[in-house]
Amino acid sequence: MLPGTGSDDTFVRSVFEIPLAAAGIALTAPAPVPGSSLAVSALSALSSASGSVLAGGISFGAHLAAEWAVANPSRCAGLVLALPAWHGEPDSAPASLSALHSAAQVRSLGVAGALAASPMPDWLSAELSRAWGGYGDALAASLEVAATRPAPTPAELERLDVPVGIAACVDDPIHPASVAEQWAAALPRAAVCTTRLAVVGADPEALGRAAVRAFLQAGGWPPRRTATGE
């Protein structure tokens, strides 16, 4: 499973490890490779997995998992996604603008200054304080990579004839639930399950449970294989 913008494998595990295990699926979540190769390294991690792959991720990680599936349809067994932020070009998507703003603040204020200047819930501040530290000097570049990379278009999603579960938060202005619904409308076999940000803040697994539940509703099954990604 692939992490979101500026996030890491620790958060991915806190969201997905137990919900996937409950469905009989073992999680693989390598750490992100910061900098300009962030996206390419994540796609490589998926391609290097053996056999059929149940791929997924959060936010930017969801985009990359779907991008990989579009390019490798014969190897994709399904997708378990959380919080997609746009389709096609990012344009003025809130998540893209937020990441670009954060990158500019990191460059001018440093990590601690950028975090202090951005109002956010305590749980999210704690998550980013840990995760951003792992990106080192490549944090700003990593945020810019995520903010500017196109996601699959609806026409590309239409070609993915695999079960896809999508989790959304109904109160998330950065990852609007309407985007998850648009993805599901384009995909031939998809379902959306929702939760709320405050619930995820108290219990990150709630986001993973919603995604896995949606995957099962879309016709997925609990295969004895590895969900892999970065």
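**Overall fold, a helix pair and a buried strand residue**

Of the contacts in the protein with a separation of 6 or more, 77% are accounted for by residues 24 or more positions apart. The structure is a predicted model, and it contains ten helices and six strands. The radius of gyration is 16 Å, close to the 17 Å that the globule rule gives for 230 residues, so the protein is as compact as a globular protein of that length. Along the principal axes, the C-alpha atoms fill a box of roughly 45 × 30 × 30 Å. Buried residues amount to 53% of the 230 residues.

On α1 the contact is made by S14, V15, F16, I18, P19 and L20, and on α10 by E205, L207, G208, R209, A211 and V212. Sorted by class, the residues of this contact are eight nonpolar, two polar and two charged.

A211, one of the α10 residues in that contact, also touches L81. L81 lies in strand β3 (residues 76-82). Its relative accessible area is 0%, which is under the 20% limit, and L81 is therefore buried. Apart from residues up to four places away in sequence, L81 touches G56, G57, A62, A65, V164, G165, I166, A167, W183 and A211. V145, by contrast, is 64 residues from L81 along the chain, and the C-alpha atoms of the two are separated by 20 Å.

How values were computed:
Residues are numbered from 1 along each chain as its sequence is written. This is a predicted model: local features need pLDDT of at least 70, side-chain atom pairs count only at pLDDT 80 or more; totals for chains, interfaces and linings use all residues. Side-chain values use heavy atoms; hydrogens and water are left out. Helices (H or I, at least four residues) and strands (E, at least two) are DSSP runs, numbered from the N terminus. Buried means under 20% relative accessible area, exposed over 50%, partly exposed in between (1.4 Å probe, protein chains only). Contact means heavy atoms within 4.5 Å. Ala, Val, Leu, Ile, Met, Phe, Trp, Tyr, Cys and Pro count as nonpolar, Asp, Glu, Lys and Arg as charged, and the others, Gly among them, as polar. The radius of gyration is taken over C-alpha atoms; the globule rule is 2.2 Å times the number of residues to the power 0.38.
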